[in-house]
Amino acid sequence: MMMTLSDVDYLNKWELPKAPTFTEVSSVAPGDSLFVVIFFSNPKLNKNKEADVLCDFKITKPDGSLSMDSKGVPCYVRPVAGNPKNIFMSDQNISFHRDPKDPTGVWKVDVNVIDKNAGATVALKSKFTLK
C-alpha cells in the first residue's frame, strides 16, 4: 500500500502504541511538503527470520521527465520481530518539498516493492498535483 501524506510527523504517529491516523493529500502548494509512504505485510522470512524487501522508486514530472529513478533501494532488510503478517512501514520513503521552480501539474509515482526472499514484486502507483 502507498499513501501520500501531509503529516510531517508520520514516523512519530507510526511508532505510537495506538493505531495511527494519517492525513492523505492529492495536491501540494508552493512551500508545502508531502510524503509518499510505503506499507507492506507478510514478507517472506529467511532461516534467520529476516525480511529482504527492496524498492524501486520512480517519480515522473508532468512533462514526462524523471524527478527520481532509484532501483534496488533497501526498504526493509532486517530481522522481523513479532508476526510477519503485521503491517510494516518501509524504512525508505519519499519526502517531497514543493519548490517554486517545480512544474505544476500531475506528478506520477511508481514504486515496485520487491520481496527478494519470496521472489515476488508488487507494483504500486499513485499521483499528486502541484498547484
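This is a predicted model: local features need pLDDT of at least 70, side-chain atom pairs count only at pLDDT 80 or more; totals for chains, interfaces and linings use all residues.
1. A search of the whole structure finds 9 aromatic pairs, and one of them is formed by F22 and F39, whose rings are tilted, with 6.0 Å centre to centre and 40° between the planes. Because F22 lies in the loop between α1 (10-15) and β2 while F39 belongs to strand β3 (residues 33-41), the pair ties together parts that are 17 residues apart in sequence. F22 and F39 are both buried.

2. A further aromatic pair, that of F96 and W107, is edge-to-face, with 5.1 Å centre to centre and 70° between the planes. Here F96 sits in strand β7 (residues 94-97) and W107 in strand β8, 11 residues apart, and the pair links distant parts of the chain. Both F96 and W107 are buried.

3. Turning to the sheet, 5 strands make up an open arrangement with mixed pairing, in the order β2-β9-β8-β4-β5; β2 (27-28) and β5 (66-79) are the edge strands, each pairing on one side only.

4. Strand β8 (residues 105-115) runs antiparallel to β9 and is joined to it by 11 bridges, with W107 having F128 in β9 as its bridge partner. These two strands, β8 and β9, form a hairpin with 4 residues between them, and G119 in the turn has a positive phi of about 70°.

5. Strand β4 (residues 50-60) and β5 run antiparallel and are joined by 10 bridges, with C55 standing opposite V73 in β5.

Notes:
Residues are numbered from 1 along each chain as its sequence is written. Side-chain values use heavy atoms; hydrogens and water are left out. Two strands pair if DSSP finds at least two bridges between them. Rings of Phe, Tyr and Trp (its six-membered ring) pair if their centres lie within 6.5 Å; planes under 30 degrees apart count as stacked, over 60 as edge-to-face and the rest as tilted. Buried means under 20% relative accessible area, exposed over 50%, partly exposed in between (1.4 Å probe, protein chains only).
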